[in-house]
Structures are given as structure tokens and as C-alpha cells.
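Reader: I have a structure open and would like to walk through it with you. Could you take my questions one at a time?

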Amino acid sequence: MPPSSSSASNPRTSAPRTLASVDDHAARVRSLLPRPDPADVPLAECDGLILAADLVAKVALPGFDNSAMDGYAVRRADVESATADSPAEIPVSDDIPAGRIDVPPLKPGTAARIMTGSPVPEGADAIVPVEQTDAATTGAPPATVRIYEAPTPAQHVRRQGEEASAGDVVLPAGTPLTPSSIGLAAAVGHPSLPVYRRPRVLVLSTGSELVAVGGPLKPGQIYESNSHMLAAAIRRVGATAHTLTLVPDDVDSFMSSLKSAAADADLIITSGGVSAGAYEVVKDGLSSTGTVQFDKVGMQPGMPQGAGTVFGTPIVTLPGNPVSVYVSFEVFVRPALLTYMGIDDTERPGFVGTWTGGDQPSPAGKRQFLRGTCDVPAGEVAPIGTPPSHLLASLARSNCLAIVPEETTQLHNGDDVEIWLLDGAL
Ligand SMILES: Nc1nc2c(c(=O)[nH]1)N[C@H]1C(S)=C(S)[C@@H](COP(=O)(O)OP(=O)(O)OC[C@H]3O[C@@H](n4cnc5c(N)ncnc54)[C@H](O)[C@@H]3O)O[C@H]1N2
Ligand code: MOO
């Protein structure tokens, strides 16, 4: 049921005074995961990570003058009169494949056959592409070559240091590493890079009603889905995810699962078992440690939350309802993981859009995260489904979250509303 619009006088939708603020809980979660010192990581594992120090070229780019074309290296003065009607014919004195390391200077009055990427011999000042000669493109080099067009100065010569000299900064600290920047790092001599490494996140789903997807379902059982959703969300951020699912609603087995897995995780996320029922395994198990704080947070969905440490490892306990899990991850966990990984701007791309979903109530004192579809060019947003937090199909069809502030109790068509664009929205 959506909350009533007359929230101020309705005890079911009035916020208890004990609600923690979304921002305070977000700050608590963030403080659990301080950014670690950078680590040196092999290039193969760097994609998506943040460069932690300026990338300084160990070698120039290009490293030496080299040819941009398969053809003939010449001294321009030897062939300056060449035309199609009156070609210049000169002896071929050398053959320079790529990788040759003993290239002698070009003898005056001769040409050297040269391949793309081969060192330009000293004395040569232009490359004539093979298409502007009478030579075949394959086989042994000819004794002489006819050149049909006079080259321009430095034609098809890629100059040493054209892009960078050794010692130059080629990428600043803070650059997100991409395939092309990883290629650049290799080209300038770095087999590994200083980065903020990926946090290892353990996802622990609890609930005796949960069955591994694909297995037979008995009455009262459902397929476990939160660990799949969370692991995908964690990997999208760039962290690594390990899942431990189907932990039964049994405090001892929950705590022993935590104990054996905690040392290998930088963060543990649990789903379920934190509200007000009789079998709240996460809350029951962790309350006695005294190191995890449980709160009702002023938000919908995602009200029951916990954060702290267990067996020395940070832990964030998310509510079990699928939409609550997702929204909680977005609001609390994603920014903390991104911060850990060296990213300062952790906000989702977004903007203030125009609400087109008609009258929409929102609970007083709670920040509401509505699932919606956003027409980005028009800047308009409409809801998908209704607010309750079990509506996973609506969530899966949405491309944005619309955020209704704590003090707003009604949205109307035309109202401004903050939008976070989710993956795939653009
Ligand atoms: N008396 C009260 N009842 C509830 C309150 C409250 O304040 N007082 N809060 C409600 C809110 S809000 C939420 S959110 C939920 C959170 O409950 P839990 O975190 O204890 O989660 P569970 O009870 O274990 O599960 C809730 C719901 O989600 C399903 N679930 C759980 N885990 C998974 C999973 N891994 N995959 C798929 N689905 C899962 C579970 O079957 C339940 O339907 O509490 C309200 N109640
Ligand atoms: O806060 Mo719960 O997450 O609304 O369903």
C-alpha cells in the first residue's frame, strides 16, 4: 500500500523520532572503508581502476624515428624531380624490416626498402609509399626502384618523442584506467601500475525460505535472488564479489559462516534478518558483538539498516526485501566502494527532472526512492510500479531513481524531482 497523503496526522506514515538520517548512515558506512594506500597491480588487472600516481613515460613515444608506410626511405634531394611522366630511378641499398636494430645510415643517391614501424635510417628525410613506385610489395627488394612522385619534407616519418619524451607525465593521477590507457602504460614501459585495488566483498544472504535458483520449490519457499543482484552491482562498481547464500536463520551457523569468511573480505554485506521479527538472524547474531549499530533510517525503501565491524571486518547489513537491498546498495554501499577505489565523485549521473507521474504521496520524514523511467532528452520522469519494496520486476524495468526529500509529502505533475540515472539509462 502506498502511504497516505495525510501523513502528518496519520500514525502509520509519521516518522518516529528515532529514525536515523540517510546522510548520517551513509557517512557511517563510508567511514568503515577508508581508502587504502595504493598497490602495484599488473596491467591485466587494472581495467576500471584509478591511477594513484602520475604515469611517467620511461621511454619516448615514438621511441625512435620510424616509418608510417611500407615503402622506400630516401633523401629528398635525390628524388626531388620525380613525376609520374619522368620518374627518378635509384639503386636500392638496404632492406629494413620492423625490429631491425643495426640500421646503417642511408648511402647518398640510394633508397632503402622500409616497412611500417621500421627505424628510419640516418640521412633519410622522407618515405615514399610503395604505391608511388614501380616495386612489388612483397618478395626480395629490387636492385633499383622508380619513384613517381617527389616526397614532401619528412613525409610519412613518425618522429621520436612526437607524443611524449622519456620523463613526461602522460596521464595524471586520478585517471580511470581504460583499455587505451592500459595500452599507453605498456607502451611507455610500465608492466604494472599504482592503483587503488578492488575491495573484496563477501555477500551473505540469509533466510530459511531461500532456495538456490533452479531447484525445486516447496510451498513457502522462494528463489534466492539478492546475492545475484548484489554480486552484479558490486562487480559493476569494479569490486570483486564472493557470495555465500542460503545461510539458514540460525544464529550459530550465521556467526560461524562470518567467522570463517571475514578474514578474506574487505567488506561483508548481508541481506535480510534485520527487521523486527522473531527470527532476525543477522540482528540477533551481531547485536551481541557490540560492534554493529542497528538503526531505522529515514528512507523508503531500506529502513532497517546496520553497520559496523565483525571479526575485524567492516560489515553492512541490508534489509532483505529485493528493492530495499538494491536501493540500500545504491545509497550506502556503492559510494563507499567507489571512495575506497580512489573515486571522489561517487554520485550517479543525474539532474533535476520534471515529474509526470501524477499525484504521488511520500512519507513525511523519509527520503523516498521511487523507481521510474526517465526520458532524458525531455527531462521527464514517471514512476514504474508502486513504492513497496518487494516489487523487483518494476525495479528491473526502471532506468532511474526519483528521490523525494524527507519534507515532501506529495508530488504533483510538473514538480521538480531529483533523478539518479541507473546503468543503461543513457
Ligand atoms: N514489524 C515490523 N516489520 C517489518 C519492519 C518493521 O519495521 N517492523 N520493517 C519492514 C521493512 S521496511 C523491511 S525492508 C523488511 C526487512 O526485513 P529483513 O531485513 O528482516 O528481511 P527478511 O525478513 O529476511 O526478508 C524480507 C523479505 O525479503 C525476502 N528476501 C530476503 N532475502 C532474500 C533473498 N536473498 N533473495 C530474495 N528474497 C529475499 C524475504 O523472503 C522477505 O519476503 O522488514 C519489514 N518488516
Ligand atoms: O524499508 Mo523496507 O525497505 O520499506 O521495505
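Reader: Which residues does Ala 57 touch, leaving out those up to four places away in sequence?
Author: Happy to start there, with the reminder that this is a predicted model. Ala 57 sits in the loop between strand 2 (55-56) and strand 3 (66-67). With neighbours up to four places away left out, Ala 57 touches Ala 164, Ala 166, Gly 167, Asp 168, Val 170 and Val 188.

Reader: Is Ala 57 buried or exposed?
Author: The test is a count of other C-beta atoms within 10 Å, and 20 or more makes a residue buried. Ala 57 has 23 of them, so Ala 57 is buried.

Reader: Which residues have the most contacts inside the largest nonpolar core?
Author: That core has 73 residues. Helix 7 (residues 322-340) gives the largest share of this core, 12 residues. Apart from it lies another core of 20 residues, including Ala 88 and Ile 147. Inside the largest core, the residues with the most contacts are Val 195, Val 201, Ile 269 and Val 316.

Reader: Which residues make up the covered face of strand 8?
Author: Strand 8 (residues 144-147) pairs with strand 5 (residues 88-96) in the antiparallel sense over four bridges. Pro 91 stands opposite Thr 144. Thr 144 belongs with Arg 146 to the uncovered face, while the covered face is made up of Val 145 and Ile 147.

Reader: Which element gives the largest share of the side of domain 1 that touches domain 4?
Author: The domain assignment gives domain 1 as 7-37 + 197-340 and domain 4 as 350-421, and their centres, taken over C-alpha atoms, are 24 Å apart. Their contact takes 19 residues from domain 1 and 16 residues from domain 4. On the side of domain 1, strand 18 (299-300) and helix 7 are the elements that give two or more residues. The largest share, six residues, comes from helix 7.

Conventions: Residues are numbered from 1 along each chain as its sequence is written. Chains are lettered from A and ligands numbered from 1 in the order in which they are written. This is a predicted model: local features need pLDDT of at least 70, side-chain atom pairs count only at pLDDT 80 or more; totals for chains, interfaces and linings use all residues. A residue is buried if 20 or more other C-beta atoms lie within 10 Å of its own, exposed if 12 or fewer, and partly exposed in between; C-beta atoms are placed from the backbone. Two strands pair if DSSP finds at least two bridges between them. A nonpolar core is a set of buried Ala, Val, Leu, Ile, Met, Phe, Trp, Tyr and Cys residues joined through C-beta atoms within 7 Å. Domain bounds come from an automatic or database domain assignment. Two residues are in contact if their C-beta atoms, placed from the backbone, lie within 7 Å.
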